[in-house]
Amino acid sequence: MTEPEAPVSSGDGDAETPTGKGESDGQGEGEDADKDEFPLAPPPSPASVARAGGEDFFRILPSPLGGLGAFAARELKRDQTILVERPLLRTTHFRLMPDYHDLSEAAKRVYLSLHGGQDGDRFSRVERIKQLNSFAVPGGIAIFEIASRFNHACPSVRNVQYVFDDQREVLSLTVCQDVVPAGTELSITYGGSTVDLYSTYGFRCSCGGCTPLTDADIRKMEDLEYGNFGFW
Ligand SMILES: [Zn+2]
């Protein structure tokens, strides 16, 4: 869909696999007192990505899936928190445009650099980025500069979980496999079935932890979507 770009640390980038998300899938908040010690990700700025709270847990690099992804910068262990990030934009489906307009110019630039921001007029880009990158949070949705770069894998094979702490208004990403070797692509589960993933984000999951959609499945979905029931 989009061509891979330079690592995010060097500037704007683009995530191939869309990263809209369902509800937080972590174990809830508050069980982890030392999270308060964890430095937050830097404030939105096109040049300040790829580090998690100052510690180099992962890098944003071109992914074999296409576009960008997050890759372990060193061996990671279960329960390590690798990112604590405030939303770039917290909004609802109905307040998207006014809330977008209230962002700083720097934050708007970051927003528009996310996956889906390459084509169309400003309105359709803002809307499409919301569709592809938003996480469900209490009362609405939130879009994150860094977490949005993580690609999807289904629950049995993902290696990172996330949870949104509404009080602190931060999203935390935590390793959920015993050992993740350096260089491994890090993945979170966006939520929904493989059909949902295709219809919402436009990709056919091939994570190895699900039954991939067949060409026939895709045709059936498209026929339903376009109201083509074989009469033509
Ligand atoms: Zn899958």
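User: Which residue in E12 is the bridge partner of Asn151?
Analyst: Ser187, going by this predicted model. Asn151 sits in strand E8, residues 151–152, and E8 pairs with E12 over two bridges.

User: Parallel or antiparallel, E8 and E12?
Analyst: Parallel for that pair.

User: And how does E2 run against E12?
Analyst: Antiparallel, with two bridges joining E2 (residues 68–72) to E12 (residues 185–188).

User: Remind me, what do strands of a sheet pair through?
Analyst: Backbone hydrogen bonds, and the pairing can be parallel or antiparallel.

User: Switching topic: what's the strand order in the open sheet of three strands?
Analyst: E5-E7-E6, and the pairing there is antiparallel.

User: Why is one side of E5 and of E6 left without a neighbour in that sheet?
Analyst: Because strand E5 (89–91) and strand E6 (134–137) stand at the edges, and each has a single partner strand.

User: How much twist is there from one strand to the next?
Analyst: The average is 25°.

User: How many bridges hold E5 to E7?
Analyst: Three, with E7 covering residues 140–143. Arg90, for instance, has Ala142 in E7 as its bridge partner.

User: Zooming out, how many helices and strands does the chain have?
Analyst: Five helices and twelve strands.

User: What share of the residues is buried?
Analyst: 38% of the 232 residues in the chain.

User: And what share of the contacts comes from residues 24 or more positions apart?
Analyst: 70%, counting contacts in the chain with a separation of 6 or more.

Terms used
Residues are numbered from 1 along each chain as its sequence is written. This is a predicted model: local features need pLDDT of at least 70, side-chain atom pairs count only at pLDDT 80 or more; totals for chains, interfaces and linings use all residues. Two strands pair if DSSP finds at least two bridges between them. Helices (H or I, at least four residues) and strands (E, at least two) are DSSP runs, numbered from the N terminus. Axes are lines fitted to C-alpha atoms, for helices over the stretch in contact, and angles run from 0 to 180 degrees between N-to-C directions. A residue is buried if 20 or more other C-beta atoms lie within 10 Å of its own, exposed if 12 or fewer, and partly exposed in between; C-beta atoms are placed from the backbone. Two residues are in contact if their C-beta atoms, placed from the backbone, lie within 7 Å.
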